[in-house]
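Visitor: I am new to protein models, and I would like to learn how to read one feature after another. Could you take me through this one slowly?

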Amino acid sequence: MSRNTFRQLVDLEKIRLLLEAHYKVTGTLSAILDADENILVAVGWQDICTRFHRTNSAACARCRESDAYIKAHLNDFNGEYLDYRCRNGLRDVAVPIIIGGEHLATFFTGQFFYDDDKPDPEYFRAQAREFGFDEADYMDALSRVQVRTRGQIRDYMEYYRCLVQMMAEMGLKNLELSREVAIRIKAEKELQESRDFMKKVIDSVADPIFVKDREHRLQLVNTAECELAGRSREDMIGRTDYAFFPKDQVDVFWENDEIVFNTGKENVNEEEITDAQGDKRIVVTKKTLYSDMDGARYIVGVIRDVTDLKKAESEVRKLNAELEQRVNERTSQLVAANEWLQREIFERKRANDELQLTQFCVDKASIGIFRISDEGNIKFANDLACLCLGYTPKELRSLTVFDIDPTFNLEVFQRHRIKMREDGSRTFETIHRRKDGSTFPVEITVNYLEYRDKGFTVSFSRNISERKAAEEQLRQQQRQLEELNRTLRQRVKAEVAKNREKDIILIQQNRQAALGETLEHIVHQWKQPLNTIGLLIQFLQASYAKGKLTDEIVRETADKTMDLLDHMSQTAEVFRDYYKPEKEKRVFGIKETVAEALSFIEPEFRHRNITVETDADPGLAGHGYPKEFAQVLLIILTNARDAFREKSTAKPRLAIKAFAEGKRAVVEVTDNAGGIPERVIGKLFDLYFTTKEATGGTGIGLYMAKSIIEKHMKGRLSVTNVDGGAQFRIEVGSSRQG
């Protein structure tokens, strides 16, 4: 046990408050130092010590030397206290604090002079010069040192002696308390270790063990009990049996519990319990009453599984009954006949049973079994052999091996028998012929056996039709593979030609669809100018009818009409240039290409009140074919227009956003037409797939758009549903303009 310190045993704060109160009344300083001269409490120390002696290393060494001297001589003096002049010239008085026979601390008072032994000023001036103190300050501090009579010191020390005695008693009580606490901690530790040991012992018992309180709640269970219930220990503690076992069983458990609680007697009872696997077990439960020191009562139970024992007892009873019956039967037989005859009957019966069992196994075997005589006659055939050949057992036993195997004749059969006798067994493939004349391949394994100096053969026949069919199929596949390899080049060439022909048809169809779209866009572009020209002609007619037609009006009308016709011509040129094929890839502005595509369809968008919001990075550029890129945009915009029209969207809106993403230029076109059904979105880019059959959709546009982006420009075109609509995303190689 570690040594207790004074700080641990005494309330130093309360002692400090007590000494401070005494200092205020008497002006007498005091201090308590531990066994290692460390200051625990210090009250009212003189400036000459705190400001000078204790702050100077040499002077402080004298102070510590004085402290050590007092400590060393406290046990040797005969008075009530030790009076000592320190090496720095002041008086110190000390009383030891002894607790439990150990000197744990020292009580000091001092830093004063006796009235009959006043200080020598010259001594202290010399000391100030020795230690380098400011002489005036040092002497001023000396003047404030108290002067006491020896009677005052005796009275003070009587008070301090009582105080020290009180501290010692209080410390002793604390020491005893600490020792008692240590003993209790040790006892609790030993108790816990004992509990842990008992827990391990209980858990090592194979029989389930439990402890219940008066309310039938589980307070302790071992591992075997947890395994029986299929629950963890934490899950079981504090709960009743109703949480783990069937109610009808627990009702019986509780009834036996109450017998123990009410009588206090041990109860042993056989019960039925359902374990964690759902199996019903027969157990013997022993329950004993236990009362703790507080009078609380518990049931301690041990469960022994006797299910297997019960089964064994049942089997023993059954065997005893059978044995008794056999004995009775044997006795009756012995009375009826002699012993030798009965043994012979028994042996023959057993042999017959074994023979019947063997016959049953042979008949039910999953392989055909024959026994053939040396002449080729079929002496035996099992059920499967008869079934495979279509004969009854009696019919088959009237045939020879040559009747069921067309490849065999007597000569071949005799050679085969000689070879088989030499080797002991032989396996080969042949053909068997059914009763209806059909044949099937078989694998025959023949074994030559000798029994009671007589040789015979047993043949095992396995139908290998499926194996032969599989082998034939494998050979056909091999031939097909060889033929495929031989004709692969011609087929590839033919397939390439067919694909080229399909591509030409697709391109032609796409051009026709594009031409229709172009004509539709030109109609929208020309509609307003044509309306204006019509109004100008009507104006000329009205002016002529009213007699107001002048040369100036004719000239102005002609100029406006020519301007409108020139604008219409330029529009046609723009569409013609747009559909001219490009031969080489180049860098093009994404924002400008988006604007160009929008210009083709914008008049129709205005006509249908379709709002378009564009957010494109001005410096963003793509690398590829700008006209084909614009054509893809136009296909997507046209599909959006059709979706708005088909779904009658109240406020149709398109958002076009172009931005850089890594080394890619990305264009996202988002509509609010309600999105694309999930069942078709995965097939949207398939060739000839369209959701617009009723309006003449061809299913080519989006297929060609994906082909342009992903095959021609090595990019990516995808579509997803977003909130309230669909979003097409185009990704191509990126470049910065300027």
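Predicted model: local features only at pLDDT ≥ 70, side-chain atom pairs only at ≥ 80, totals over all residues.

Visitor: In what order do the 5 strands of the open sheet stand, and in which sense do they pair?

Guide: As a general idea, strands of a sheet pair through backbone hydrogen bonds, either parallel or antiparallel. In this structure the order across the open sheet is 8-7-11-10-9, and the pairing is antiparallel. Strand 8 (218-221) and strand 9 (267-274) stand at the edges with a single partner strand each, so one side of each is left without a neighbour in the sheet. On average, neighbouring strands of this sheet are turned by 30° against each other, direction ignored.

Visitor: Over how many bridges do strand 9 and strand 10 pair?

Guide: Strand 9 and strand 10 (residues 280-291) pair over 8 bridges in the antiparallel sense, and as an example you can look for isoleucine 273, whose bridge partner in strand 10 is arginine 281.

Visitor: Which strands does helix 10 touch where it packs on the sheet?

Guide: Helix 10 (residues 247-263) touches strand 7 (209-212), strand 9, strand 10 and strand 11 (297-305), and its direction makes about 165° with that of strand 9. Helix 11 (residues 307-336) also packs on the sheet, where it touches strand 9, strand 10 and strand 11, with its direction at about 130° to that of strand 10.

Visitor: How many residues lie between strand 20 and strand 21 in their hairpin?

Guide: There are 2 residues between these strands, and glycine 662 in the turn has a positive phi of about 65°. Strand 20 (residues 653-661) pairs with strand 21 in the antiparallel sense over 8 bridges, and alanine 658 has valine 667 in strand 21 as its bridge partner. Strand 21 (residues 664-671) is mostly covered, with 7 of its 8 residues buried.

Visitor: How many salt bridges does the structure hold?

Guide: The general idea is that side chains of opposite charge can pair when their charged atoms come close. The structure holds 48 salt bridges. One of them joins glutamate 668 and arginine 729, at 2.7 Å from N to O. This pair links distant parts of the chain, since glutamate 668 lies in strand 21 and arginine 729 in strand 23 (residues 725-736), 61 residues apart. Both glutamate 668 and arginine 729 are buried.

Visitor: How far apart in the helix are arginine 415 and glutamate 411?

Guide: Arginine 415 and glutamate 411 are 4 residues apart in helix 16 (residues 410-423), about one turn of the helix, and they form a salt bridge whose closest N and O atoms are 3.2 Å apart. Glutamate 411 counts as exposed because its relative accessibility is 57%, and exposed means over 50%. Arginine 415, at 47%, is partly exposed.

Visitor: Is arginine 91 buried or exposed?

Guide: Arginine 91 is buried, because its relative accessible area is 13% and buried means under 20%. Its salt-bridge partner is aspartate 117, at 3.4 Å from N to O, and aspartate 117 counts as partly exposed at 23% relative accessibility.

Visitor: Which residues make the nonpolar surface patch?

Guide: The patch, of about 240 Å², is made by Leu18, Tyr159 and Met166. Methionine 166 lies in helix 7 (residues 150-204), and methionine 166 is partly exposed, with a relative accessible area of 41%.

Terms used:
Residues numbered from 1 in each chain as written. Heavy atoms only, no water. Patch = residues over 30% accessible without salt bridge, like charges linked within 9 Å, V, L, I, M, F, W, Y side chains within 5 Å. Areas by Shrake-Rupley, 256 points an atom, 1.4 Å probe, with all protein chains shown as cover. Salt bridge = Lys/Arg side-chain N within 4 Å of Asp/Glu carboxyl O. Buried < 20%, exposed > 50% of the residue type's maximum accessible area, 1.4 Å probe, protein only. Pairing = 2+ DSSP bridges. Axes fitted to C-alpha atoms, helices over the stretch in contact; angles between N-to-C directions. Contact = heavy atoms within 4.5 Å.
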